[in-house]
Amino acid sequence: MSFIPFELERWQSTWENRVSFNLSESGVHPLTIDELLRITDTHRDELADVRLGYSQADGTEPLREEIAKLYQGVTAENVIVTVGSSEANFVTTWTLLQPGDHVAILSPLYRQTWGLAQNFGAKVSTFELKPELEWEPDPEEIARAIVPGTKLVIVTNPNNPTGHVLSNDARAEILARTEAVGAWLLADEVYLGAELSGQTTETFWGSYEKTVAVNGLSKAYALPGLRIGWLVAPAEFKEALWSRHDYTVISPASASDFLATRALRVRDKILARTRAILNENYPILDSWLRQFGPAVNWWRPDCGAISFVQYEQAIASLDLAERIRQENDVLIEPGEHFGFERSIRFGYGNETGEFKRALDVLTPAFKKYLMD
Ligand SMILES: Cc1ncc(COP(=O)(O)O)c(C=O)c1O
């Protein structure tokens, strides 16, 4: 089996810092260090005094305690602080998967775990979020994907790219099947906290004992540059996960660990800023999309600075995104990177003025490629 590259990340890594407008990002306009210091009431000297030694490898006690408060029945002993939620996904799949294992994965999703599972030699089945079901999965498909012998079930909830939050029924169905076959559940919840309504999505943690819940500061907290994520796992399983983390990065950066602790202490303030950006920008995207009439179709996301837009024209999404990049210097995320054609994921979390200018630049391109 040949290596599966992570196409979405390579597309973004190649272009995101070179284009005039980046609408491929799924988080909100990030905070500067200065803004973070102000919002957390931290004096510059406190940051300057952080000693740049190796930090506690599984995350400092104060940071793990802040994280533990976000979950029922969790202590610092259940938590590993990772370098981004991507490291948490990596160590979890690496720990659990052997060649030949079967993995059931929600689709579409951020395809890190989908690619990793296959690169670790596992066989992957998917159960799909369906646009005709308003991005809910079909219970029969869940049952067909999560079969006896399944080692791991992977969900992203709230979902990237659709911005959908699973209904209680869908959640219960996934949990029931996972428990029935005795699989592990990896719940990537990195968008949790970025709900437009302000109603926090329920974590999968606490519903089933063989769960690893993943989260981090990159999306809802607007701090991707800190590269702080975490996983919450049964305490007896933490050791196995940590022994992989020893091989990946050793420990999180000490300055990031310090700032992350301060950020989580004012979580509500940061999430309020995120929600304000989402609720200001989404209506702008929505009314901009309306001008293209039936050429496009989209749903209001429940969560996250992402809108998954479907279009009617036959042009392949990567071709469309590539032309727009070359001709308009705007980066959008082609649906192909989620295994979903004739669709584009818009990131709408940019600073509002910049976001409007990017849409103005895109208008003629959309008319040309999606309406003519
Ligand atoms: C669902 C999901 N998980 C994980 C990540 C990785 O994020 P990070 O490593 O910055 O926490 C992303 C990034 O887009 C994502 O969308």
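Two strands count as paired here if DSSP finds at least two bridges between them, and with that criterion in mind I would like to walk you through some of the strand pairings in this model, which is a predicted one.

Let me begin with strand E3, residues 102–107, and strand E4, residues 123–130, which pair in the parallel sense over six bridges. Within that pairing, Ala104 of E3 stands opposite Ser125 in E4. The two strands also belong to a β-α-β unit, in which E3, helix H6 (residues 112–119) and E4 take part, and the unit is right-handed.

Lys130 has Glu136, in E5, as its bridge partner. Together E4 and E5 form a hairpin with five residues between them, and in the turn Glu134 has a positive phi of about 55°.

Let me now turn to another part of the chain, where four strands form an open sheet in the order E10-E11-E14-E13, with antiparallel pairing. Strand E10 (296–297) and strand E13 (333–334) stand at the edges of this sheet, and because each has a single partner strand, one side of each is left without a neighbour in the sheet. For E13 that partner is strand E14, residues 343–347, to which it is joined by two bridges, the two strands running antiparallel. In this pairing Glu333 stands opposite Arg345 in E14.

Notes:
Residues are numbered from 1 along each chain as its sequence is written. This is a predicted model: local features need pLDDT of at least 70, side-chain atom pairs count only at pLDDT 80 or more; totals for chains, interfaces and linings use all residues. Side-chain values use heavy atoms; hydrogens and water are left out. A crossover is right-handed if, with the strands pointing away from the viewer, the path from the first strand over the helix to the second runs clockwise.
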